[in-house]
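Please look through the structure shown here before reading on.

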Amino acid sequence: MKKSFKFHVFIRICLVAFGIIFANRMLAQYFLVDQLRDRTHREMGAGLVNCHTYVDNQIDFLHCFNAREKGNITNNIADFYVLCDKPSAVTLPGAEQSCSNFQKQTAWWGQELKEEADPRIDYANGVIDGVRWQGVRFKADPQGPQIWLSDDHIGDLMVQMWTLRDRNLIYVLPTIITLLAALMFYIIYIALRPIAMLERTLAQLTARNLDQSTQLVAPFKEFENVTQVFEDLRVRLSQSFTKARRFASDASHELRTPLTILRGNAEQLMADLPVGSDVQVRMRSMSDEIERLIEITEKLLLLSRADANSIVEELSDVHVSRLLEELIKDALSFHSKLKITGDIQPGIVWRCDKTLVNQMIHNLYVNAVNYNLPNGWIHMVLKRVEGGFELTIENPTPEAPSDLAERAFDRFYRGDASHTRRVDGLGLGLSICLEIAKLHHSTLSLAVTSQHTVLAKLSAPFERL
Amino acid sequence: MKILLIEDEAKIAEFVIKGLQQAGYEVDHVGDGASGLALILENQHDLVILDVMLPKLNGFDLLRQLRQDGNLMPVIILSAKVDLPDRLLGFEIGADDYLPKPFFVEELIARIRAVMNRKVPEQVQHMSSHHLTLDVVNRKAQWHEVSAILSQREFSLLAYLMRSPGHIYSRQQILKHVWEINFDPETNVVDVCVRRIKRKLSRNSNEHSSPIESVRGVGYRLKVEDAA
């Protein structure tokens, strides 16, 4: 089953949306770490300047720093700052060791910040035991107070930020997807509308009105090329149908005229010959061959008219049940060696071309006779199905070719039945049946069953589609 | 009765003329539409047999012109155009009958009779020929003093042979018209049916054998009695 275009577009848009969100996060993470590090650096510098201006001892400096820097971006990790000023004034666990380590790293100082930096502050950046640290101090007072912070804690800050972002996303994403879906359906509707309009117009185009050029109008400028392509196609098709129709009509005239002369003269001659004479018998045989020739010509002309789409049905209500009952009754007297049975549901009436349908049913029957076993059988079933009826004609077959179901309706195709009996015919019967079925909006199929029988099945609707 | 045949194909005209003359009609023949129209307007004919594809003036146009002028001359169209729209067009513009090619002269004669009687064959209640009468409504046949009710097939067969008494119809032709089948069933169903008719119509009568005559190897025909 083909998937829906809307569903297809929806899935694609969802994938793209998720891709954008993911890419956004990856890029943000990549660029934000550096940015955050610089900003933290700067704020550390700002805190240092502020507090150093007002206090002159370590404890007050710490209090000042913690108190004044509340509310800025580094607030959440304020507890992790390491303050180094006087060795006696260490406030945090492990800071003593850290401060002595930091004080050894004179090469770390002189770090340039990407964001605007305070010219009075000196910035440091370096790694101890795999942990990156950053520090600030006064340029004018290298021995004065220093503030240090590890990247790990900036990482913690990042995690907190992303948690906050993700929490937002949980509420925002469904809204985004809903809006996207609505937008998508609207865009699809807008995009498909001209195609639907074209489709409606094209659906009205049949073999019978192909020669009318005004039907195909582009709904928008952008579709003019598409409609032009269809228009060209219609013109080519129309020309081809016209040629085929002309051929069928010309062939009909050119073939029927000599056949009329042949038949007329043969019948005349036969009437003139002595009754029962050998010459008359031979003339009758010739006349029968002329009849055969007429029959073949009629078949070929019918097929060529079907190709040209120029068959016009003569519709009437045909009692299909009665037609088949009659056929079975006649068949019993025609073919005494075959067991002919039927399961005919009575009262099935079909609005169709009686002559053509009669021909189709006879062709199917003759096929069942010709490709049967010497003492075989034929079983016909006619039954009502929803909205129509189904006719099946089944017969055993000596040796069905493997490609029978596919090729049976090909013109001039004949299943090899030479092992059983001589089969008369051209191999046109089934292709004619198929054309007649198509003309009546019906389907005709042929299948070889596992029980070595051939099953011809006609499914026809009562109502014309 | 005088018939005008307008047909450009000389060979068709030849056997049609011969057949019609044998049936007792007087026939004039022209090969193009314009001369045909001129002859019709002279009003010397009782019926026109008209081909469609004619030089100078197309058969349909000729007929249209004729009817527009109020001429009600009976016209039977003979045409290789057998499609429904062509046939409908023919009747629409005023043809009395439309016979597609190839045709049997016997059928043409039967249709001429029907047109001249202003009745289509199906509406005729009785058909009779040489002491044989068929009652279409009751499917009853009367041959001299013997009468019998026939089955549908027997009746159709006899009616078919009655179209042209004396003409020999082959088994194939009978099968096609009576049983409506286009294939050879390889059985003697026609012979069986003919035998049944013969038996029914000669049960009590020895002096008049059956109306159907078998011509060995050729087919069957309706007997034309000299006395008739």
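What follows is a short report on selected parts of chains A and B.

## Basis of the report

This is a predicted model, in which local features need pLDDT of at least 70 and side-chain atom pairs count only at pLDDT 80 or more, while totals for chains, interfaces and linings use all residues. Residues are numbered from 1 along each chain as its sequence is written, chains are lettered from A and ligands numbered from 1 in the order in which they are written, and side-chain values use heavy atoms, with hydrogens and water left out.

## A sheet in chain A

In chain A, four strands form an open sheet in the order β1-β4-β3-β2, with antiparallel pairing; strands here are DSSP runs of E with at least two residues, helices are runs of H or I with at least four, and both are numbered from the N terminus. Two strands pair if DSSP finds at least two bridges between them. The edge strands, each pairing on one side only, are β1 (82–84) and β2 (121–128) of chain A. Direction ignored, neighbouring strands of this sheet are turned by 20 degrees against each other on average.

How many bridges join β2(A) and β3(A)? The two strands, of which β3(A) covers residues 131–138, pair in the antiparallel sense over eight bridges. Within this pairing, A:Asn125 has A:Gln134 of β3(A) as its bridge partner, and A:Ala124 stands opposite A:Gly135. The two strands form a hairpin with two residues between them, and A:Asp129 in the turn has a positive phi of about 50 degrees. Seven of the eight residues of β2(A) are buried, where buried means under 20% relative accessible area, exposed over 50% and partly exposed in between, calculated with a 1.4 Å probe on protein chains only.

## Helices of chain A

Helix α4 (residues 151–203) of chain A lies across β3 and β4 (146–150), running at about 60 degrees to β4(A). Axes are lines fitted to C-alpha atoms, for helices over the stretch in contact, and angles run from 0 to 180 degrees between N-to-C directions.

Another helix of chain A, α5 (residues 224–272), contains A:Arg246, and A:Arg246 is exposed, with a relative accessible area of 51%. A:Arg246 and A:Ser310 are 64 residues apart in sequence and 9.8 Å apart in space, taken from C-alpha to C-alpha.

Chain B has eight helices and 11 strands, and 52% of its 228 residues count as buried.

Is B:Lys101 buried or exposed? B:Lys101, which lies in the loop between β5 (97–100) and α5 (105–116) of chain B, is buried, with a relative accessible area of 2%. The side chain of B:Lys101 makes a polar contact with the side chain of B:Glu7 at 3.2 Å; a polar contact is a pair of N or O atoms within 3.5 Å, and within protein one must be able to donate a hydrogen and the other to accept it, while residues adjacent in sequence count only if both atoms are side-chain atoms. Leaving aside neighbours within four places in sequence, the residues in contact with B:Lys101 include A:Arg256 and A:Thr260 from chain A, contact meaning heavy atoms within 4.5 Å.
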